[in-house]
Amino acid sequence: MLAQLSPALKLLALAGGAAGLYKGAEYLMSKRIFISFAVEDKNIRTMLSGQSRHEKTPFEFVDMSVKKPWDRAWKTECRKRIKRCHGMIVLVTKNTRNAEGVHWEIKCAREEGLPIMAMFANNDAKKYALPKELKGMRIHNWSWANINKFVDKLRKKEK
């Protein structure tokens, strides 16, 4: 196990004994999840990313929050962030259908081969039409259990 750790994590493991080794192993198992959301739903994204700050959460969230997702520089940087992630969660709300940035992020994630999970951000979202990028996909209810299942699948896929 120690051989798999980076030099910095080896020092942490050696200095912290079993607790340090556990922290190093947790780090290795951590997954990076890109969050795609309509800019109008920034508060919902904040609630979700707050969940990832819990000390026992084996994943971290990444997003590309901007007001103008259409210029080339934004797309270049966004693609870089998506490529560094292990999967994507799309927050589905009444705003998703008209969110061009979300549509592009989903398309980009597919091009990069990222697994995607779409999740209703609230019950109200179920009554609105979905963008074509989500047609045919199962949309999950927002729950910690569903997020964990998605992250677990990412871990198993890597093995």
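Two strands pair if DSSP finds at least two bridges between them. Helices (H or I, at least four residues) and strands (E, at least two) are DSSP runs, numbered from the N terminus. Keep both in mind for this tour of a predicted model, where local features need pLDDT of at least 70, side-chain atom pairs count only at pLDDT 80 or more, and totals for chains, interfaces and linings use all residues. Residues are numbered from 1 along each chain as its sequence is written, and side-chain values use heavy atoms, with hydrogens and water left out.

**Whole chain.** Show the cartoon. The protein has five helices and five strands. Along the sequence they follow the pattern α-β-α-β-α-β-α-β-β-α. Of the 159 residues, 43% are buried (under 20% relative accessible area, with a 1.4 Å probe and protein chains only).

**Strands S3 and S4.** Select 87–92, which is S3, and then S4. The two run parallel, joined by five bridges. Now pick Leu 91: its bridge partner in S4 is Met 119.

**Inside S4.** Select 116–120. Five of its five residues are buried. Show side chains. Ile 116, Ala 118 and Phe 120 point one way. Met 117 and Met 119 point the other way.

Move on to Arg 138, in the loop between S4 and strand S5 (139–141). Is Arg 138 buried or exposed? Arg 138 counts as exposed (over 50%), because its relative accessibility is 62%.
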